[in-house]
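Me: Got a model open here and I'd like to talk it through with you. Can you take a look?

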Amino acid sequence: MSLELEIAQASARLIAEEGMPWGPAKQRALRDLGLPPRTALPGNELVEEALREHLSLFQADTQPAELRTLRELALRWLERLAEFEPLLVGAAWRGTANRFSDLHVELFADDPKAPEIALLNLGENPEPGPQGRDARGQDLQNLVIWLRPPPGFQQPVALHLAVLDPRERRGALLPDARGQTWRGDAAGLRRRLAESDTP
């Protein structure tokens, strides 16, 4: 086994069993494996492959239902925030989410404060999320809402909302070299839910 794959598998275990974010999981995997901090880290595609394998081996009896629950929850929020042309990104879209996963949604607005005002009008109380930057290096407005635990979940689900310039949405749904998309809209998410109903 290559060192890169070993790190990817260790990272995948931490993501699947402890709910660690991908970046910290890779760093922790280095420490757990006794490797120097400057060791080259595996790419996200390799970690995702290792994560899919881990889930199929160790969580096959629970993860599909947890993924469906999170996707249904995400769809409700995509519909509630439809005016901002939301896109689901991350594990819930890619199919690797489980009960430890957060939901990540991108919103698009000319006024970066507009989504926060809309959420307040919906009776929500969003918190400021971690600072970030968009593709053009501009400060990114991030909001977090804590959602009540869905049935079968022991802890609340964090909904992360990144507010982007509408120009960032161009090409966002184009597939990568493997024919996969990194984000999806409400229509795409409904299709994935319908596909999971097909025997």
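Me: How many residues of β6 are buried?
Reply: Eight of the eight residues in β6 are buried, so β6 is mostly covered. Buried here means under 20% relative accessible area, with exposed over 50% and partly exposed in between (1.4 Å probe, protein chains only). Strands are DSSP runs of E, at least two residues, and helices are runs of H or I, at least four residues, numbered from the N terminus.

Me: Which residues sit on each side of β6?
Reply: Val157, Leu159, Leu161 and Val163 are on one side, and Ala158, His160, Ala162 and Leu164 are on the other. Both faces are covered.

Me: Before I go on, what are the ground rules for this model?
Reply: It is a predicted model, where local features need pLDDT of at least 70, side-chain atom pairs count only at pLDDT 80 or more, and totals for chains, interfaces and linings use all residues. Residues are numbered from 1 along each chain as its sequence is written, and side-chain values use heavy atoms, with hydrogens and water left out.

Me: OK, back to the strands. How many bridges join β2 to β6, and do they run parallel or antiparallel?
Reply: Six bridges join them, and the two strands run parallel. Two strands pair if DSSP finds at least two bridges between them. Leu103 has Leu159 as its bridge partner in β6, and His104 has His160.

Me: And β1 with β2, parallel or antiparallel?
Reply: Antiparallel, with three bridges between β1 (residues 87-89) and β2. The partner of Leu87 in β2 is Glu106.

Me: Why is β2 described as largely enclosed?
Reply: Because five of its six residues are buried, β2 is largely enclosed by the rest of the structure.

Me: Let's zoom in on Leu107. Where does Leu107 lie?
Reply: Leu107 lies in β2, which covers residues 103-108. Leu107 counts as buried because its relative accessibility is 0%.

Me: What is Leu107 in contact with, leaving aside neighbours within four places in sequence?
Reply: Leu81, Phe84, Pro86, Pro115, Leu161, Ala162, Val163 and Leu164. Contact means heavy atoms within 4.5 Å.

Me: Switching topic: which residue other than glycine has a positive phi near 45°?
Reply: That's Glu85. Glu85 is in the loop between α4 (63-80) and β1. With 44% relative accessibility, Glu85 counts as partly exposed.

Me: What about Leu55, buried or exposed?
Reply: Buried, because Leu55 has 4% relative accessibility. Leu55 is part of helix α3 (residues 44-58). Not counting residues up to four places away in sequence, Leu55 touches Ala16, Ala60, Gln63, Thr96 and Asn98. The C-alpha atoms of Leu55 and Pro150 are 20 Å apart, and the two are 95 residues apart along the chain.

Me: And where is Ala172 found?
Reply: In the loop between β6 and β7 (183-184). Ala172 counts as buried because its relative accessibility is 9%. Leaving out residues up to four places away in sequence, Ala172 touches Leu87 and Arg183. Ala172 and Asp32 are 36 Å apart, C-alpha to C-alpha, and 140 residues apart in sequence.

Me: Now the whole chain. How many helices and strands are there?
Reply: Seven helices and seven strands. Along the sequence they follow α-α-α-α-β-α-β-α-β-β-β-β-β-α.

Me: How does the radius of gyration sit against a compact globule?
Reply: They agree, because a compact globule of 199 residues would have a radius near 16 Å and this chain has 17 Å. That radius is taken over C-alpha atoms, and the globule rule is 2.2 Å times the number of residues to the power 0.38. The C-alpha trace spans about 50 × 45 × 35 Å along its principal axes.

Me: What share of the residues is buried?
Reply: 42% of the 199 residues. For contacts between residues at least 6 apart in sequence, 61% join residues at least 24 apart.

Me: Last one: how many positive and negative side chains?
Reply: There are 24 positive and 30 negative, and the centres of the two sets lie 1 Å apart. Lys and Arg count as positive and Asp and Glu as negative, with His and the chain ends not counted. Each charge is placed at NZ of Lys, CZ of Arg, CG of Asp or CD of Glu.
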